[in-house]
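Welcome, and please open your viewer.

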Protein chains: 2
Amino acid sequence: MSLTPVRGAATIEEVAARAGVSRSTVSRVVNGSTAVSPSALESVRRAIEELQYVPNRAARSLASRQTRAIALVIPEDTDRFFGDPFFGSIVAGISQVIGESDYVMNMLIATDDASAKALGYLRGGSVDGAIVASHHTSDTFVDRLADTVPVIFGGRPARVRPADHYVDVDNVQGGRDATRYLVDRGHRRIATVAGPSDMPAGIDRLQGFRDVLAEAGLEPVAVEDGDFTEAGGADAMRRILASGDLPEALFVASDLMARGAYTALREQGHEPGRDIAIIGFDDSAVATSLVPALTTVRQPSRDQGRQMATMLLDVLAGRATANTAILPTEIIERGSA
Amino acid sequence: MSLTPVRGAATIEEVAARAGVSRSTVSRVVNGSTAVSPSALESVRRAIEELQYVPNRAARSLASRQTRAIALVIPEDTDRFFGDPFFGSIVAGISQVIGESDYVMNMLIATDDASAKALGYLRGGSVDGAIVASHHTSDTFVDRLADTVPVIFGGRPARVRPADHYVDVDNVQGGRDATRYLVDRGHRRIATVAGPSDMPAGIDRLQGFRDVLAEAGLEPVAVEDGDFTEAGGADAMRRILASGDLPEALFVASDLMARGAYTALREQGHEPGRDIAIIGFDDSAVATSLVPALTTVRQPSRDQGRQMATMLLDVLAGRATANTAILPTEIIERGSA
DNA sequence: CTGAAAGCGCTAACAC
DNA sequence: GTGTTAGCGCTTTCAG
């Protein structure tokens with residue numbers, strides 16, 4: 001069963017010779033052109049099989065001016081990227097769609113690769129397009145990137161320009177729903193641990209929170225930035241508690257921060273779900289690993305990833321596609337609120 | 001609809017013309033050859049700057065027969081990969097070293113990209129080398145990969161062959177230390193939640209556990225496979241508890257599984273650290289997020305990643321390098337044992 | 001339907 | 001030191 005290893009890989013020339021046709025014909029069958037006679041097709045196929053021919057990527061790129069590669073740009077540091085299951089879901093979705101295509105995915109964790117290098121790479125014609133998985137208002141290099149190759153943003157870009165492509169979840173509505181859920185259950189003294197104010201997702205969820213509270217004639221008890229990290233969530237919760245009294249209810253803008261909030265609450269002897277109602281955002285694995293399990297706003301991250309990848313593939317193929325997609329959220333009721 | 005067209009990037013030819021030299025000279029300065037006169041060097045540099053010249057990667061690869069890209073192969077599904085902070089650390093280390101080199105890193109999550117496609121990619125001359133981040137005995141495709149390009153394994157490969165390169169931590173010794181820690185504190189009825197038996201890391205840690213127990217004249221109370229996942233750890237703990245009585249102490253072969261064990265323990269009303277001593281393995285962020293914080297065996301994963309990347313770069317550069325490196329572990333004492 | 005020919009942008013001998 | 005000359009392996013007109 002062991003096939004000959006392809007050390008000095010076969011070239012298109014060798015395949016052509018073996019199949020008794022010209023390079024062009026081999027190229028046609030490799031690229032799925034229909035204009036090839038059945039007999040030629042057959043003999044080329046056999047030759048490819050026998051020689052274990054795999055087209056050389058560099059040569060192909062050079063001639064066709066396409067790389068068949070896309071970049072997945074993560075403008076986060078590695079710890080944050082791997083620390084939040086949200087990214088895992090997004091990447092899983094992207095990876096799935098790209099994996100089924102004939103593109104490969106280059107991951108650039110942009111703060112590790114010095115971003116200058118990353119940008120140089122992206123602009124050096126190494127990829128046909130890019131997906132930017134999260135976006136801070138401070139990421140200026142991302143903007144420049146979009147001038148070079150087609151880019152799909154995960155989440156509304158900080159500054160939306162007419163031609164921008166992005167897939168977002170309805171963060172404002174999600175924030176509204178979460179807050180309304182709390183209000184509807186009779187809570188009046190409501191606080192929030194928000195996402196960072198330099199990220200659209202953080203801004204939008206907070207917006208939804210404020211809107212509903214205002215509509216209900218309520219004032220937020222506290223608004224603290226938890227930076228979308230577990231430690232940040234814990235710190236934010238500590239700050240809220242430091243003010244003296246425990247809110248009745250809390251909207252935390254990500255499940256991971258909610259985990260931090262649980263910890264901080266318990267340090268002070270408060271039991272989440274009993275002493276204070278808590279609702280999160282994400283519905284990642286973190287939500288169910290918590291005790292009591294976290295009531296949360298589900299966002300379809302994996303699906304978001306899939307749609308971003310599909311959108312990019314559509315753009316690259318010149319297919320018609322919408323510039324943006326907004327995905328709905330949904331409340332998942334569990335024990336914490 | 002059309003996105004911004006890719007700007008026609010400057011070519012080496014244009015740079016040469018502008019600098020008033022030949023292509024070769026430009027190539028020499030781009031590639032850091034010393035055999036260039038100061039004046040030529042200067043004018044080429046300026047031309048590059050003015051034209052924003054970035055060498056075309058495909059052309060370069062084709063001519064030099066090098067891709068300046070390496071693959072990071074993850075033979076895990078996406079959920080597992082993103083679910084365990086261990087991978088985050090490894091990748092952070094790799095990413096750091098590769099990021100400082102002029103290589104780029106292609107991540108292949110091998111169960112998503114159908115592994116046939118991944119293998120074809122790797123054998124199609126798309127990368128100069130590969131790092132395989134974890135390894136199951138069932139991953140046969142990985143073996144075939146090593147016939148094609150230089151490969152560095154993370155952890156001892158399932159079947160070590162003489163020429164294999166790998167960087168591992170001393171899992172047997174780590175397992176020994178953890179178990180001895182428990183024994184030294186007077187515990188006699190000791191159980192373990194082990195890693196999967198198709199992974200060297202799981203096998204080795206269990207080995208260390210068994211060895212020390214045998215040396216102490218003790219029998220394991222229970223040995224359950226927790227599959228290196230949180231849910232698996234919880235299940236394994238439940239199985240141990242189902243037998244009726246609570247062990248005095250527990251060695252859990254990964255921090256993530258320990259989190260699951262905490263959950264399962266509390267379901268039955270047992271308090272980790274008080275009713276049962278627990279020691280983990282990893283010292284990832286999970287260890288400190290637990291309450292009580294997890295006493296654990298620290299493995300230098302980030303450093304492991306760094307060393308793997310460095311080793312690969314050495315091999316690719318033809319530098320002398322050891323084929324293997326074994327990193328030491330260290331016990332980190334916290335509240336759980 | 002098929003082959004010949006002309007590059008894609010760069011590196012790497014090999015002269016000078 | 002520097003330029004000239006061949007390709008690297010493939011795609012893509014353009015004839016036929």
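How many nonpolar, polar and charged residues does the surface near DNA strand D have? By class, there are eleven nonpolar, ten polar and five charged residues on that surface. Keep in mind along the way that this is a predicted model.

**Stop 1: DNA strand D**

Select DNA strand D and the 26 residues around it. Those that come nearest are I12(A), Y53(A), S24(B), R28(B) and S37(B). Of the atoms of DNA strand D that come within 4 Å of the protein, sugar and phosphate account for 56%.

Now colour the helices. At least two residues of the surface near DNA strand D come from each of α2 (23–30) and α4 (57–64) of chain A, and likewise from each of α2 (23–30) and α4 (57–64) of chain B.

Next, zoom in on single contacts:

- Show S24(B): a polar atom of its side chain is 2.5 Å from a base oxygen of DNA strand D.
- Show S37(B): an N or O atom in its side chain lies 2.5 Å from a phosphate oxygen of DNA strand D.
- Show N31(A): here a side-chain N or O atom is 3.1 Å from a phosphate oxygen of DNA strand D.

**Stop 2: DNA strand C**

Move on to DNA strand C, which 27 residues surround. The closest are R28(A), S37(A), R65(A), I12(B) and Y53(B). Sugar and phosphate make up 58% of the atoms of DNA strand C that come within 4 Å of the protein.

Y53(B) deserves a click: an N or O atom of its side chain lies 2.6 Å from a phosphate oxygen of DNA strand C. Two or more residues of the surface near DNA strand C come from each of α2 and α4 of chain A and α2 and α4 of chain B. By class, that surface has eleven nonpolar, ten polar and six charged residues.

**Stop 3: aromatic rings**

Which residues do ring pairs link into a cluster? Select F81, F82, F86 and F87 in chain A, and F81, F82, F86 and F87 in chain B. Over all chains, the count comes to 13 aromatic pairs.

Finish in chain A with two arginines. R185(A) lies over the face of Y181(A), 3.6 Å from the ring centre. R205(A) sits over the face of F281(A), at 3.8 Å from the ring centre.

Key
Residues numbered from 1 in each chain as written. Chains lettered and ligands numbered in written order. Predicted model: local features only at pLDDT ≥ 70, side-chain atom pairs only at ≥ 80, totals over all residues. Heavy atoms only, no water. Near = heavy atom within 4 Å. Polar contact = N/O pair within 3.5 Å; in protein donor to acceptor, adjacent residues only side chain to side chain. Helix = DSSP H or I, 4+ residues; strand = E, 2+ residues; numbered from the N terminus. Nonpolar A, V, L, I, M, F, W, Y, C, P; charged D, E, K, R; others polar. Phe/Tyr/Trp six-rings, centres within 6.5 Å; stacked < 30°, edge-to-face > 60°. Lys NZ or Arg CZ within 6 Å of the ring centre and 35° of its normal.
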